[in-house]
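Hi,

Here is the structure I said I would pass on. Have a look at it first, and then read my notes below.

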Amino acid sequence: MSNVLIYAEHAHGKLPKATAVAVTAGKKLAAIGGGQAILAVLGTGVGEVAQAAANLGADKVVVIDNPQLSYHLADITAAALAATAETTGSHTIVFAATSKGRDVAPRLAAMIDASIASDIIDVNADGTVVRPMWAGSVLATVELTAAKKVVSVRVTAFEASSGAGAPIENLSVSFATPAKAMKFGSLEETKSDRPVLTEAARVVAGGRGLKSAENFTNVIEPLCDALGAAMGASRAAVDAGYVPNDLQVGQTGKVVAPTLYIAVGISGAIQHLAGMKDSKVIVAINKDAEAPVFQVSDFGLVADLFQAVPEMTEKIKALAK
Amino acid sequence: MKILVTVKRVPDPESSIKVNPEGTGIVESGLKWVVNPFDEIAIEEALRIKEAQGGVEVVVVSIGVSESQEQLRTGLAMGADRAILVKADKPDTNAVARILAKIVEKEQPDLVLLGKQAIDDDSNEVGQMLAHLLGWPQATFISKLTFSGDKAAVDCVREVDGGMETIGFALPAIITADLRLNEPRYASLPGIMKARKKPMEEIDAASLGIDITPRIRIKKLAPPPARSAGRKVESIDELINALQTEAKVL
């Protein structure tokens with residue numbers, strides 16, 4: 001029997017949806033191996049997080065309370081998880097494929113000589129996993145051949161898990177502090193009243209067609225606010241400096257799958273489609289009728305965005321009244 | 001100071017990638033091969049450090065097929081000083097990290113710069129694995145790199161979900177480049193001419209005496225389910241109506 005350890009990503013005393021999604025994949029893997037799905041909460045003063053973690057449907061929550069783990073730095077987090085996996089008899093460790101998960105998971109895999117698959121979108125009954133490659137142009141079925149396995153899970157590919165009442169256990173594990181340690185400096189958080197891009201039910205994304213940062217503010221943001229949507233952008237818009245990189249949707253940015261995705265002034269390069277093509281309904285507004293984005297859109301409007309988007313914003317606002 | 005930069009040969013990111021009929025690989029004929037775009041950013045950063053500090057040697061290293069020489073030459077033409085090609089047949093990320101660890105042991109660089117991910121397998125794993133194998137600090141997905149006054153330590157601004165994180169540490173260290181770290185230069189004509197005379201060492205991975213058995217097996221490659229195009233609408237009114245009554249998402 002082999003248990004599955006799931007890394008509970010958390011911030012400000014809360015668990016993001018990403019953690020609940022990682023639990024779903026972890027439970028699937030645990031069922032295949034006939035073991036338990038154990039959610040690991042690392043940090044200090046994390047009692048509140050552990051209580052929330054107990055309601056995500058895992059079989060057990062383990063808490064590793066250690067002030068050295070406060071900043072979730074990759075070196076020490078990997079060391080603590082390796083020790084926790086050992087203590088809990090877990091041969092598989094699951095992360096959400098977030099910036100935090102993708103920072104730590106490969107380091108841990110090297111540490112315990114595990115097979116690793118990043119950004120998986122499915123778990124098969126035989127234990128193989130599926131992950132996209134070449135910007136999602138190819139889906140690979142991957143067998144993790146080593147005795148120990150590490151995976152990170154694409155957050156849009158699994159449902160969030162829930163289920164009350166997992167027991168919480170405080171674990172004392174010992175691990176060595178890295179000799180050449182990393183030091184946390186600061187975290188400058190993006191302030192926004194809008195929904196988190198990767199969790200939003202609606203996303204409005206702008207591309208190079210917006211032509212400037214001001215136009216993102218004046219054209220895209222009002223539509224986001226009228227719809228209660230998160231704002232996204234294509235890599236071209238990020239490259240051009242219109243918006244920060246944490247809004248980038250695509251192969252090398254965020255992967256989103258909202259109920260409604262509106263692509264404005266985005267041509268639809270393969271690498272952008274890789275980040276949004278699993279959205280339920282895709283709308284494209286572009287003045288170029290030949291833009292590839294129309295090939296994946298449910299509804300396409302060939303129009304000048306500078307007229308169409310403000311019109312749409314006003315009409316959506318009118319609907320809400 | 002010595003900086004080691006990784007260079008992977010990948011299909012041009014604009015290429016249309018098709019799976020071969022056997023599902024064992026992609027159709028390679030007709031593909032244009034380039035330096036992995038994130039590795040280009042890593043090369044550029046190394047060259048900027050060299051230009052700012054002086055006395056810096058930049059070594060580019062690639063692991064893969066013989067043709068990766070072309071991508072190493074691109075790195076040399078941009079301004080790197082010499083190149084190392086480690087020939088290996090389809091190594092997985094684990095094998096690449098182990099090979100790199102061996103090269104680092106030999107070369108003793110102060111800094112290893114890598115792209116945050118290769119745009120072919122999209123793994124985003126090697127830098128982090130290498131950091132563990134060497135016992136070095138790591139800063140992944142960085143958009144800014146600042147050296148301390150004595151050049152012995154760095155501060156790195158990382159692009160993380162929901163913001164920017166700054167972490168710091170003493171060298172040696174592993175750093176992986178994100179998109180906005182810099183804008184890579186094009187190789188100049190004199191740069192291309194000079195690159196032809198720069199040293200390129202070739203090593204067989206098998207000769208390194210390390211375990212490079214893959215830890216994963218790719219059983220099958222397949223195209224993703226196709227998403228079919230919907231229809232064009234003529235106006236915002238028609239669009240809103242369709243979203244309300246057909247798609248029922250408004």
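Here is what turned up, starting with how to read the model.

This is a predicted model, so to speak: local features need pLDDT of at least 70, side-chain atom pairs count only at pLDDT 80 or more, and totals for chains, interfaces and linings use all residues. Residues are numbered from 1 along each chain as its sequence is written, while chains are lettered from A and ligands numbered from 1 in the order in which they are written.

**The sheet in chain A**

Chain A has an open sheet of 7 strands in the order 5-9-4-1-2-3-10, with parallel pairing. (Strands are DSSP E runs of at least two residues, helices are H or I runs of at least four, and both are numbered from the N terminus; two strands pair if DSSP finds at least two bridges between them.) Strand 5 (115–120) and strand 10 (168–170) of chain A are at the edges with a single partner strand each, so one side of each has no neighbour in the sheet. From one strand to the next, the twist averages 25 degrees.

Within this sheet, strand 1 (residues 3–7) and strand 2 (residues 37–43) of chain A pair in the parallel sense over 4 bridges, and Val4(A) has Ala37(A) in strand 2 as its bridge partner. Helix 1 (residues 17–33) of chain A packs on the sheet and touches strands 1, 2, 4 and 9 of chain A, its direction making about 155 degrees with that of strand 4. (Axes are lines fitted to C-alpha atoms, for helices over the stretch in contact, and angles run from 0 to 180 degrees between N-to-C directions.)

**Where the chains meet**

Here 72 residues of chain A are in contact with 63 residues of chain B, contact being C-beta atoms, placed from the backbone, within 7 Å. Helix 4 (residues 99–111) of chain A gives the largest share of chain A's side, 9 residues. Strand 16 (residues 299–302) of chain A also pairs with strand 13 (residues 231–233) of chain B, in the parallel sense over 3 bridges, and Leu301(A) stands opposite Val233(B) there.

**Chain B and one cysteine**

Chain B has 6 helices and 13 strands, and buried residues make up 48% of its 250 residues. (Buried takes 20 or more other C-beta atoms within 10 Å of a residue's own, exposed 12 or fewer, partly exposed in between.) Back in chain A, Cys224(A) is in helix 5 (residues 213–227) and is buried, with 24 other C-beta atoms within 10 Å.

Note on methods
Two residues are in contact if their C-beta atoms, placed from the backbone, lie within 7 Å.
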